[in-house]
Amino acid sequence: MFWKRKSTISGNITLDGLPPHRFVGVLLSLFNVPSLSSAPPYGGEPPADAYSDENKLTELSAPYSGPISFQIQRPAGYYYLDVGVIAVQEIDGRLVAQVEHFFPLNRPTAIAAGANTQVELNVRWPDIPIDQLHHYGTVHPQK
């Protein structure tokens with residue numbers, strides 16, 4: 001019987017400039033594209049429903065002190081990598097979740113058949129005051 005060797009992408013994610021937080025969650029999403037010359041999917045700003053290949057890497061309740069290591073198996077191909085970060089901050093006595101997505105590489109990553117592709121992903125948290133961010137709604141705890 002013939003067994004196809006799996007391909008792996010692994011590496012580290014480093015977050016720079018993360019604000020003081022109570023919780024941080026990190027996701028790695030992969031967007032398969034046809035070639036190394038493909039443009040970023042959705043012009044680099046995919047809608048929420050386009051994230052179909054998300055991989056939860058970590059949830060930390062203590063302050064982040066990276067890097068965050070990962071290893072994911074995928075079929076050979078070309079992938080744009082999206083790092084999603086959720087930081088829950090306490091601001092004026094209330095908890096605020098800020099969600100940011102980053103495409104840290106300016107081109108797709110080639111994952112070769114049967115190989116382990118190594119990447120280093122560095123993202124910088126945007127320096128935008130919390131009151132200037134888009135507000136999607138308020139969640140209140142239910143008893």
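**Notes on strand pairing**

1. Strand 2 (residues 23-33) and strand 5 run antiparallel and are joined by eleven bridges. Within this pairing, phenylalanine 31 stands opposite tyrosine 80 of strand 5. The model is a predicted one, and the points below should be read with that in mind.

2. Strand 5 also pairs with strand 6 (residues 94-102), in the antiparallel sense, over nine bridges. Here glutamate 90 has leucine 95 of strand 6 as its bridge partner. Two residues lie between the strands in this hairpin, and aspartate 92 takes a positive phi near 50°.

3. A further antiparallel pairing joins strand 5 to strand 7 (residues 109-111) through three bridges. The bridge partner of tyrosine 78 in strand 7 is alanine 110.

4. How enclosed is strand 5 (residues 77-91) by the rest of the structure? Of its 15 residues, twelve are buried, so strand 5 is largely enclosed. Buried here means under 20% relative accessible area.

5. Separately, there is an open sheet of three strands, in the order 4-1-8, with mixed pairing. Its edge strands, strand 4 (68-74) and strand 8 (116-124), each pair on one side only. From one strand to the next, the twist averages 25°.

6. Within the 4-1-8 sheet, strand 1 (residues 7-16) pairs with strand 4 over seven bridges, in the antiparallel sense. Isoleucine 13 has isoleucine 68 of strand 4 as its bridge partner.

Notes
Residues numbered from 1 in each chain as written. Predicted model: local features only at pLDDT ≥ 70, side-chain atom pairs only at ≥ 80, totals over all residues. Heavy atoms only, no water. Pairing = 2+ DSSP bridges. Helix = DSSP H or I, 4+ residues; strand = E, 2+ residues; numbered from the N terminus. Axes fitted to C-alpha atoms, helices over the stretch in contact; angles between N-to-C directions. Buried < 20%, exposed > 50% of the residue type's maximum accessible area, 1.4 Å probe, protein only.
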